[in-house]
Amino acid sequence: MSTLTATTAVPSTDALGTSAAKARSAVLEEQILKDPGRFRILTGDRPTGRLHLGHYFGTLHNRVRLQNLGVELFVIIADYQVLTDRDVADRLTEHVEELVLDHLAIGVDPERSTVFTHSAVPALNQLLLPFLSLVSVAELNRNPTVKDEIAHSRQSAVSGLMFTYPVHQAADILFCKADLVPVGQDQLPHLEITRTVARRFNDRYGNGAAVFPEPDALLSEAPLLLGTDGTKMSKSRGNAIALAADADETARQIRGARTDSERHIAYDPAGRPEVSSLLLLAALCQGRTPEEVAEDIGSAGAAALKRTVTESVNEYLAPIRSRRAEYARDRSYLRRVLREGNERARAVADATLAEVREAMNSHY
């Protein structure tokens with residue numbers, strides 16, 4: 001890819017080419033299988049509520065897969081970024097601990113992966129200042145993901161943190177020099193800003209050396225799971241099945257899930273999205289195709305479909321819930337996981353910031 005100057009526009013998702021990103025991801029997956037230890041991944045979540053099945057099948061199980069293959073995994077709990085679209089960070093300590101619990105329960109190993117919080121790593125956040133000097137207001141304003149987030153913001157006025165969100169994410173990724181970032185297609189513009197920041201910093205301050213890598217997107221075919229009300233599954237809409245939910249709560253939510261009036265159950269995402277989403281959920285839990293699950297149910301109707309989904313989800317989540325309950329009994333262990341992860345992240349960030357200062361001739 002050609003070098004961009006400070007006035008060159010950041011390419012849009014269309015310019016990047018989603019098909020090209022998918023092709024590149026396929027190559028990267030082959031390279032990971034051959035030599036996983038050469039890769040470092042940054043991923044994470046905002047602590048705004050309990051993680052749910054959409055998160056799990058969309059990203060969480062993939063983090064564990066990559067960790068178990070031997071990739072170095074950094075998981076950021078982005079507590080500062082809670083403030084991007086809300087005025088205050090409600091119940092932040094509780095939500096941070098819930099995220100740690102969810103990650104431990106699904107199999108993230110704090111001995112092999114680094115779990116840390118934004119606010120505990122000052123050097124990471126300090127990178128935001130020089131990075132902001134490398135992008136223009138016009139580039140941030142054109143970012144389609146920022147536009148969408150602003151449109152759905154909970155704030156009456158857009159904060160500066162919301163506007164600079166992509167550059168803060170660049171600091172998240174580049175502080176540890178991650179070379180792979182698992183993202184969905186909608187996050188490609190954010191990642192391209194990270195690549196632009198890395199490229200421009202190297203051009204301006206690197207003296208021919210690459211201070212930062214230009215990280216690649218690792219696209220996955222995340223399944224589209226609708227919430228129980230037939231809309232996008234979301235923490236804030238109360239339509240998601242949380243990993244922390246018990247079997248009875250899960251059963252109640254699935255019983256109330258929206259379906260349709262047709263008795264014969266068939267997988268038709270375009271024509272019957274609510275029924276198809278439930279079939280897909282059962283199929284993911286069973287390790288089968290949604291068509292196979294639909295064939296088993298046949299003309300038994302929505303009640304049989306919901307029973308199948310409930311049984312499948314509860315059976316699949318049983319070991320995760322068991323581990324979660326065990327970890328929840330020892331809150332001191334959760335704090336130790338974070339403390340040790342924060343210490344490791346700080347050491348990495350301090351070294352990177354020292355390198356940045358040296359490159360910028362501001363190492364006094």
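Colleague: How many bridges join strand β2 to β3?

Modeller: Two strands pair if DSSP finds at least two bridges between them. Helices (H or I, at least four residues) and strands (E, at least two) are DSSP runs, numbered from the N terminus. Here β2 (residues 72-77) and β3 run parallel and are joined by five bridges. Val 115 in β3 is the bridge partner of Val 75. This is a predicted model, in which local features need pLDDT of at least 70 and side-chain atom pairs count only at pLDDT 80 or more, while totals for chains, interfaces and linings use all residues. Residues are numbered from 1 along each chain as its sequence is written, and side-chain values use heavy atoms, with hydrogens and water left out.

Colleague: Which residues lie on each side of β3?

Modeller: In a regular strand the side chains alternate between the two faces of the sheet. In β3, Ser 113, Val 115 and Thr 117 are on one side, with Thr 114 and Phe 116 on the other, and all are buried. Buried means under 20% relative accessible area, exposed over 50%, and partly exposed in between (1.4 Å probe, protein chains only). Because five of the five residues of β3 (residues 113-117) are buried, the strand is largely enclosed by the rest of the structure.

Colleague: Is Gln 67 buried or exposed, and what does its side chain reach?

Modeller: A polar contact is a pair of N or O atoms within 3.5 Å; within protein, one must be able to donate a hydrogen and the other to accept it, and residues adjacent in sequence count only if both atoms are side-chain atoms. Gln 67, in helix α3 (residues 53-69), is buried at a relative accessible area of 2%. Its side chain reaches the backbone nitrogen of Asp 109 at 2.7 Å. Contact means heavy atoms within 4.5 Å; leaving aside residues up to four places away in sequence, Gln 67 touches residues including Leu 73, Arg 112 and Ser 113.

Colleague: Where is Glu 139 found?

Modeller: Glu 139 is in helix α7 (residues 137-142) and is buried, with a relative accessible area of 4%. The side chain of Glu 139 reaches the backbone nitrogen of Ser 136 at 2.9 Å.

Colleague: At what angle do α13 and α15 pack?

Modeller: Axes are lines fitted to C-alpha atoms, for helices over the stretch in contact, and angles run from 0 to 180 degrees between N-to-C directions. Helices α13 (residues 273-286) and α15 (residues 301-328) pack at about 35 degrees, with axes 9 Å apart.
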